[in-house]
Amino acid sequence: MAEFSLSENLSIFDLLNISACASCRECYLYCPVYDVDRRSALTPREKLKKLVSILKKERGLLASLFGPRVKDEEIKDFLSALYECSVCAQCREVCPAGIDTPKLWERIRANMVSSGYGPLPQQKTISQSIRNYDNPWMQPRGMRGKWAERAFKEGRISRPVQDITKNRAKVLYYVGCTASYDQNITEVAINFVELMNIAGIEFGILGPREKCCGSTPLRIGDYATFEQQAIANIELFTELKVDTVVFSCSGCFKTMNQDYREVKRLPFRTLHLVQFLLELMEEKKLVPVKEVPLKITYHDPCHLGRHNKLYEEPREILRRIPGIELIEMKRSREFSRCCGAGGGVKAGFPHINNAMTDMRIEDAEGTGADELVTACPFCYQSLQLGIQRKNSYLKIRDVTELLIRSVK
Amino acid sequence: MELLSYLKYLKLGVYFVLLLGISSHFLIWFSGFFEKLEGGLKGFLKGIFLRIPFQTGIVRLGVLRWIAHFFIFISFLWFLFFYWFPSVLKFFSFNQRALFFLHDLFSALFISGIFIAIFRRFFSRKDTRGEFEDFYSISMLLGVWLSGFLLQVSKIQSIDDVARRPEFFIGSTMAELFDNLAIHLPFVPLLYIHVIIVLIFVASIPWTKLVHIFTLPIKELFGGRNG
């Protein structure tokens with residue numbers, strides 16, 4: 001194991017953030033992980049306290065005089081709490097001190113990985129799979145674009161989807177691993193593609209050449225794999241001279257829109273499909289006319305909402321669909337409860353992911369809505385499994401699914 | 001008054017403990033690498049003019065909470081300058097009447113803030129009640145205020161000629177009330193009690209949640225995404 005230093009990868013400003021906690025316990029009230037696992041060690045405040053304690057033993061006055069004295073068990077205990085977090089940014093949102101916890105957790109996880117402590121054994125296969133197959137589920141690359149071929153054959157889309165590497169276009173639809181490979185989620189990609197066709201947009205997908213964005217490796221601290229994916233994707237998109245890259249997955253969008261910019265300058269626009277669809281609606285290229293008489297509630301994906309502040313765009317799309325009645329959950333927008341799938345929790349702590357999803361479904365059921373709508377295939381997948389597991393009456397939908405019913 | 005000279009040594013000891021605690025924070029901070037300020041100049045200015053003086057990070061979490069914290073914060077600053085750095089207040093050339101009025105005002109704000117904080121712990125934030133650090137912080141603030149206030153009253157009471165007493169509105173009224181009740185507050189014991197509470201309070205800053213008194217403003221200026 002490499003020599004370990006918790007502060008190795010942290011900037012002066014990160015360390016200022018760590019010691020600025022006022023111990024107010026506001027994060028206790030909102031942390032979705034703490035809601036399902038009542039160990040205070042998991043709360044952001046306790047993690048920050050533990051961090052200060054370890055950092056003092058590593059770099060404080062006594063450590064400077066007599067040498068560091070951090071015990072291995074302390075690191076391992078902290079590691080477990082550090083990874084049992086979906087990096088949903090809820091704590092950052094409610095912290096009166098504005099401590100940038102997600103950035104901190106990700107940087108410390110990167111330290112844990114570079115020193116051999118992290119990631120968790122269950123999470124290691126994700127990075128391996130991404131390095132070998134360009135997706136986290138060890139699926140062959142050749143299968144990545146099959147959903148598009150199948151959808152055209154089945155008549156679910158009106159035109160074959162163009163391979164952008166063969167037929168250049170200004171708009172690239174980056175489908176993402178979940179919507180490409182999960183048979184239950186390809187619906188999201190199919191609907192979006194058909195909406196593009198209806199709007200008359202020239203676009204293409206990468207098919208087998210699409211590579212994972214590297215979001216999960218970044219969240220679990222495997223910065224090397226993330227950087228490898230980031231550079232490969234940026235170079236490919238630049239080579240293809242695309243103007244705009246559109247994402248259906250909020251996680252991919254967050255990663256490329258924010259984290260890629262720290263790796264390299266992006267010579268193209270990055271938009272989530274809710275932004276792109278709203279632009280098309282503004283330009284009257286998509287006009288919802290048919291009534292969709294549904295009582296729905298909307299789940300804000302963390303990466304779209306708290307991380308990118310896109311709260312209004314999906315709601316505006318839904319509001320413009322005739323017949324839709326949108327009922328907000330008690331926790332929505334910046335207080336939206338995380339479904340628990342992100343940040344490596346799904347792989348590392350599946351029982352926590354399930355419990356968090358169940359709570360979110362209960363939030364949705366509490367509104368009396370018939371359908372639960374979201375704008376992220378990864379949340380969709382988690383909520384869909386939760387609905388089945390809980391035998392809930394709710395139906396899970398993507399924003400695109402309701403919009404296409406209204407414009408088709 | 002011989003005992004008073006020992007307080008000087010105690011004060012030195014307190015400074016040492018304070019320095020020891022703060023130095024660990026500085027050593028930790030400077031072990032990190034430099035990176036571009038996320039908030040940039042805009043964030044820095046926002047920190048100076050908005051987030052630090054007006055505590056905007058708290059306001060969206062509840063008005064009552066903001067009022068409590070803001071009252072404690074501004075009156076803490078007043079007391080800090082009044083007693084520890086009086087030269088800063090001299091810069092404003094307040095006349096005595098204004099100075100006494102402001103002192104009374106901040107004293108009232110301080111205790112109001114503490115009472116609101118205690119009130120919240122019995123109603124909206126019952127979850128914080130079992131917390132030792134929270135209990136300690138509020139108790140210390142209350143102790144500093146109460147002992148300081150009683151000390152001020154005893155000081156006023158010690159001037160027999162009522163016409164020559166300083167015109168602290170709350171303090172003078174209380175002194176009169178105690179006079180009428182024939183209660184004479186003992187100045188010297190109160191002085192020791194107050195000084196000792198203040199020194200314990202100051203010494204404990206870097207070792208308890210009170211550390212945010214100095215870490216948070218520094219973070220607001222340099223280390224936050226919001227500046």
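Between chain B and chain A there are eight salt bridges, a salt bridge being a side-chain nitrogen of Lys or Arg within 4 Å of a carboxyl oxygen of Asp or Glu. One salt bridge joins E35(B) to K103(A), with the closest N and O atoms 3.6 Å apart. The model described here is predicted, so that local features need pLDDT of at least 70 and side-chain atom pairs count only at pLDDT 80 or more, while totals for chains, interfaces and linings use all residues. Residues are numbered from 1 along each chain as its sequence is written, chains are lettered from A and ligands numbered from 1 in the order in which they are written, and side-chain values use heavy atoms, with hydrogens and water left out.

The two chains also share 18 residue pairs in polar contact, both residues being at pLDDT 80 or more; a polar contact is a pair of N or O atoms within 3.5 Å, where within protein one must be able to donate a hydrogen and the other to accept it, and where residues adjacent in sequence count only if both atoms are side-chain atoms. On the side of chain B that touches chain A, the elements that give two or more residues are helix 1 (2-29), helix 3 (56-59) and helix 10 (212-223) of chain B. Helices (H or I, at least four residues) and strands (E, at least two) are DSSP runs, numbered from the N terminus. Helix 10 of chain B gives the most to this side, with eight residues. By class, the residues on this side of chain B are 15 nonpolar, 11 polar and 14 charged, where Ala, Val, Leu, Ile, Met, Phe, Trp, Tyr, Cys and Pro count as nonpolar, Asp, Glu, Lys and Arg as charged, and the others, Gly among them, as polar.

In all, 40 residues of chain B are in contact (heavy atoms within 4.5 Å) with 39 residues of chain A. The size of an interface is often given as the accessible area lost when the parts come together. Here chain B and chain A bury about 3400 Å² between them, 55% of it on carbon and sulfur atoms, buried area being the accessible area (1.4 Å probe) that two parts lose on being put together, summed over both.

Chain B itself has 10 helices and zero strands, and its C-alpha trace spans about 60 × 45 × 40 Å along its principal axes. In the loop between helix 3 and helix 4 (63-84) of chain B lies L61(B), which, leaving aside its neighbours within four places in sequence, is in contact with E26(A), V94(A) and P96(A).

Turning to chain A, E74(A) forms a salt bridge with K57(A), the closest N and O atoms being 2.8 Å apart. Because E74(A) lies in helix 6 (residues 72-83) of chain A and K57(A) in helix 4 (residues 44-59) of chain A, the pair ties together parts that are 17 residues apart in sequence.

Two details of the backbone of chain A remain. Most residues other than glycine have a negative phi, and most peptide bonds are trans. A cis peptide bond, however, joins G118(A) and P119(A), with omega about -5°, and P119(A) lies in the loop between helix 8 (101-114) and helix 9 (121-133) of chain A. K309(A), a residue other than glycine, has a positive phi near 60°, and K309(A) is found in the loop between strand 5 (294-298) and helix 17 (312-319) of chain A.
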